[in-house]
Amino acid sequence: MDRAHKQSPALAEHLRRKLGPELREAFDDAALIGWLPYSVDVKMAEGVMEREGTEGLRSFVMGNVEEAKKAPVFRPIIDGSLRLFGASPTTILRIAPKLWGLAYQDVLTLDVSSDAEGTDYTFSARGVCDEMLNSKAAHIVLRAQCHLAFQLLGTAGEVGLPQVNAAERRIDVTIAWAK
């Protein structure tokens with residue numbers, strides 16, 4: 001909520017109303033437990049999108065990702081992996097499922113696969129919860145989070161649109177590093 005307030009006090013007030021008392025309480029408790037229930041995260045994303053639009057949500061998420069990279073729970077994994085395995089797509093793909101598992105619990109299982117050339121990769125989210133399957137805002141957040149890989153490596157690339165398969169409770173996102 002601090003980031004929302006910094007961006008716009010009106011946005012923060014909109015999110016407080018959107019969350020309602022029960023979700024607001026879960027959000028306030030998140031500081032104690034270190035993570036938000038995914039339903040709260042989705043409500044926040046939907047609230048930002050309602051108020052700021054798709055690009056505003058993407059910008060908000062990228063700011064959150066920047067802050068999260070510095071968090072004590074993530075920083076050692078990111079720094080250690082980059083030092084140990086080098087700044088490469090393979091390293092990012094190796095740590096992505098671990099980072100996702102730390103940030104969100106009981107939302108999905110994340111797998112990563114690559115094409116034969118090793119330039120195009122697919123993040124496959126399996127066992128996806130209803131909130132993620134049914135929320136356009138959640139899909140925008142997922143795509144923005146995939147852009148983190150390029151930021152970490154200081155490189156460029158493309159992130160495809162999430163491909164939702166509701167029947168299989170699966171979402172695939174393809175990312176391609178610039179050649």
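Of the contacts in the protein chain with a separation of 6 or more, what share comes from residues 24 or more positions apart? The share is 57%, where contact means heavy atoms within 4.5 Å.

Welcome to the tour! This is a predicted model, in which local features need pLDDT of at least 70 and side-chain atom pairs count only at pLDDT 80 or more, while totals for chains, interfaces and linings use all residues. Residues are numbered from 1 along each chain as its sequence is written, and side-chain values use heavy atoms, leaving out hydrogens and water.

**Stop 1: the whole chain.** Show the cartoon and look for 7 helices and 5 strands; these are DSSP runs (helices H or I, at least four residues; strands E, at least two), numbered from the N terminus. Of the 179 residues, 43% are buried, meaning under 20% relative accessible area with a 1.4 Å probe, counting protein chains only.

**Stop 2: two helices.** Select α3 (residues 38-69) and α7 (residues 136-153): their axes come within 9 Å and cross at roughly 20°. Axes are lines fitted to C-alpha atoms, for helices over the stretch in contact, and angles run from 0 to 180 degrees between N-to-C directions. The pair is therefore roughly parallel, the word for angles under 35 degrees.

**Stop 3: one residue.** Now select Gln-7, in helix α1 (residues 2-7). Gln-7 has 33% relative accessibility, so Gln-7 counts as partly exposed (between buried, under 20%, and exposed, over 50%). Leaving aside neighbours within four places in sequence, Gln-7 is in contact with Glu-52, Gly-56 and Phe-60. Finally, draw a line from the C-alpha atom of Gln-7 to that of Gly-63: they are 56 residues apart along the chain and separated by 9.9 Å.

Conventions. Parallel < 35°, antiparallel > 145°, perpendicular 65-115°, else oblique.
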